[in-house]
Amino acid sequence: MPRRANVKVVSESSTGLNKRILINGQIYTNTQAYNAAKQGKVEGYHGVNDHGTKFIRSNPDKSKNNNLG
């Protein structure tokens, strides 16, 4: 089973939307992270488009410890 990507929020907007995200040691903009997740390049995460607001979310599991925040 592939390892889950190491993902951390670096900065976010005043509304809480992620602006910069560190994925496996490389910083991505929110859009870049979303596109990478949609292409399956961020193991354990997927891209979400909620009424035009795009972001990444960890794949569902029973742990709350791996949620972005």
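Begin by selecting Ala-5, Val-7, Ile-21, Ile-23, Tyr-28, Ala-33, Ala-36, Ala-37, Val-42, Tyr-45 and Ile-56, the 11 residues of the largest nonpolar core. A nonpolar core is a set of buried Ala, Val, Leu, Ile, Met, Phe, Trp, Tyr and Cys residues joined through side-chain atoms within 4.5 Å. Buried means under 20% relative accessible area, exposed over 50%, and partly exposed in between, with a 1.4 Å probe and protein chains only. Helix α1 gives the largest share of this core, 3 residues, and β2 and α1 each supply at least two.

The model is predicted: local features need pLDDT of at least 70 and side-chain atom pairs count only at pLDDT 80 or more, while totals for chains, interfaces and linings use all residues. Residues are numbered from 1 along each chain as its sequence is written, and side-chain values use heavy atoms, with hydrogens and water left out.

Next, colour the open sheet, in which 3 strands follow the order β1-β2-β3 with antiparallel pairing. Helices (H or I, at least four residues) and strands (E, at least two) are DSSP runs, numbered from the N terminus; two strands pair if DSSP finds at least two bridges between them. The edge strands, β1 (7-12) and β3 (26-29), each pair on one side only. Between β1 and β2 (residues 18-23) there are 5 bridges, and Lys-8 stands opposite Leu-22 in β2.

Now show helix α1 (residues 30-38), which packs on the sheet and touches β2 and β3. Its direction makes about 100° with that of β3; axes are lines fitted to C-alpha atoms, for helices over the stretch in contact, and angles run from 0 to 180 degrees between N-to-C directions.

Within α1, select Asn-30. Is this residue buried or exposed? Asn-30 is buried, with a relative accessible area of 10%. Leaving aside neighbours within four places in sequence, its contacts (heavy atoms within 4.5 Å) are Leu-17, Asn-18, Lys-19, Ile-21, Lys-54 and Phe-55.

Move on to strands β4 (residues 45-50) and β5 (residues 53-58), which pair in the antiparallel sense over 6 bridges. They form a hairpin with 2 residues between them, and His-51 in the turn has a positive phi of about 55°. Gly-47 stands opposite Ile-56 in β5.

Finally, display Arg-4, which lies over the face of Tyr-45 at 5.4 Å from the ring centre. A charge sits over a ring if NZ of Lys or CZ of Arg is within 6 Å of the ring centre and within 35 degrees of the ring normal.
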